[in-house]
Amino acid sequence: MSARAPVIEFAGVGRTYPGPPPVPALRPADLVIRRGEYVTVVGPSGSGKSTFLNVAGLLDRPSEGVYRLDGIDTATLNERDRTALRGRRIGFVFQSFHLLPHRSSMENVMLSLLYTGAKRKERRARALETLERVGLGHRAHAPAGRLSGGERQRVAIARALVNRPSLLLCDEPTGNLDTTTARTVLALIDELHADGFTVLVVTHDPGVASRGERAVVIRDGVLRETDPASLTAEAVQAVQDAQAVQVAQAVQVAQTVHEEQTVHQAQSRCVR
């Protein structure tokens, strides 16, 4: 790994799913993410976010272009080497946590170290150290199934960090959390970035995306860099639109109930 090489470098990277007809899910794009940057990718459902995530996370191969991770041309690797590179260099944080519910927080984090060759004592020490880093050292022995949503996401972040990866890749990290807990998790991601981690967050939420140093909008498979500050206004508008929809739905329900009551009263008078 070259210290000067970008963590992620896309050169004309695109992904088309075979048809018929072929579906261009990710249009050819150039993207560079340097060490220590905090980049967000935001877009609505069906925009190509999942395809971008799968390609960036080495879960899928691009149809065209060159993808270098830490300066390594990933196209030259076989599946075994790609899997090893992914395990060493990328720490994943998923929306649904993907923890083993009957295993302790520490055991869930230790699983990421199984294939590193580290002895069990070292794995336990590193897992505990990482849990303490995310503020969950006191819950190290609690079964994951008994943790709150925010605690489970912190365990998932610890599991992603324990291998000291080049990239922290987060897929909708607040998608299953309430607003207060989401703010806490995002503050933790901010802290990790401040400590030097390279962070890439993929989200549908403009408010989450606005926290990055850089923001990339994806629509119809096309990547376009934008000012993160501009996404704050989009987030406010999205909340206002959602509130307007809720009000309209409440009014419609009230009208429906009123109409049903009117019909019921009329029918009652007819029966009498």
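Phe97 sits in the loop between strand 6 (90-93) and helix 3 (105-110); helices (H or I, at least four residues) and strands (E, at least two) are DSSP runs, numbered from the N terminus. The model is a predicted one, in which local features need pLDDT of at least 70 and side-chain atom pairs count only at pLDDT 80 or more, while totals for chains, interfaces and linings use all residues. Residue numbers start from 1 along each chain as its sequence is written, and side-chain values rest on heavy atoms, with hydrogens and water left out.

Phe97 is not a glycine, yet it has a positive phi of about 70 degrees. Its relative accessible area is 7%, so Phe97 is buried; buried stands for under 20% relative accessible area, exposed for over 50%, and partly exposed for anything in between (1.4 Å probe, protein chains only). Asp220, likewise not a glycine, has a positive phi of about 55 degrees. This residue belongs to the loop between strand 9 and strand 10, and with 64% relative accessibility Asp220 counts as exposed. Two peptide bonds also stand out. The bond from Gly19 to Pro20 is cis, with omega near 10 degrees, and the bond that joins Pro20 and Pro21 is cis too, with omega about -15 degrees. Pro20 falls in the loop between strand 1 (8-17) and strand 2 (23-33), as does Pro21, in the loop between strand 1 and strand 2. As background, most residues other than glycine have a negative phi, and most peptide bonds are trans.

At the strand 5 end, strand 4 (residues 64-69) pairs with strand 5 in the antiparallel sense over 2 bridges, and Leu69 has Ile72 of strand 5 as its bridge partner.

Strand 3 is another matter to look at. With 5 of its 5 residues buried, strand 3 is largely enclosed by the rest of the structure. Tyr38, Thr40 and Val42 point one way from strand 3, Val39 and Val41 point the other way, and all are buried. In a regular strand, side chains alternate between the two faces of the sheet. Strand 3 runs parallel to strand 8, joined to it by 5 bridges, and Thr40 stands opposite Val201 of strand 8. Strand 3 also pairs with strand 9, in the parallel sense over 4 bridges, where Val41 has Val216 as its bridge partner.

Strand 9 (residues 214-219) is itself mostly covered, with 5 of its 6 residues buried. Strand 9 then pairs with strand 10 (residues 222-226) in the antiparallel sense over 5 bridges, and Val216 has Glu225 as its bridge partner in strand 10. The hairpin of strand 9 and strand 10 has 2 residues between the strands, and Asp220 takes its positive phi there.

Helix 6 (residues 179-194) spans 23 Å from its first C-alpha to its last over 16 residues, close to the 22 Å expected at 1.5 Å a residue; the expected span is 1.5 Å times one less than the number of residues. Its buried residues are Ala182, Val185, Leu186, Leu188, Ile189, Leu192 and His193. These cover an arc of only 150 degrees around the axis, which puts them on the same side of helix 6; the arc is that of the directions from the helix axis to the C-beta atoms. The face turned away from the buried side of helix 6 carries the exposed residues Thr180 and Ala194. The buried residues of helix 6 pack against elements including strand 3 (38-42), strand 8 (198-203) and helix 4 (120-133), where contact is heavy atoms within 4.5 Å. At the N-terminal end, Asp178 caps helix 6, with a side-chain oxygen 3.1 Å from the backbone nitrogen of Thr180. A polar contact is a pair of N or O atoms within 3.5 Å; within protein, one must be able to donate a hydrogen and the other to accept it, and residues adjacent in sequence count only if both atoms are side-chain atoms. Just after helix 6, Gly196 takes a positive phi of about 110 degrees.

Conventions:
Two strands pair if DSSP finds at least two bridges between them.
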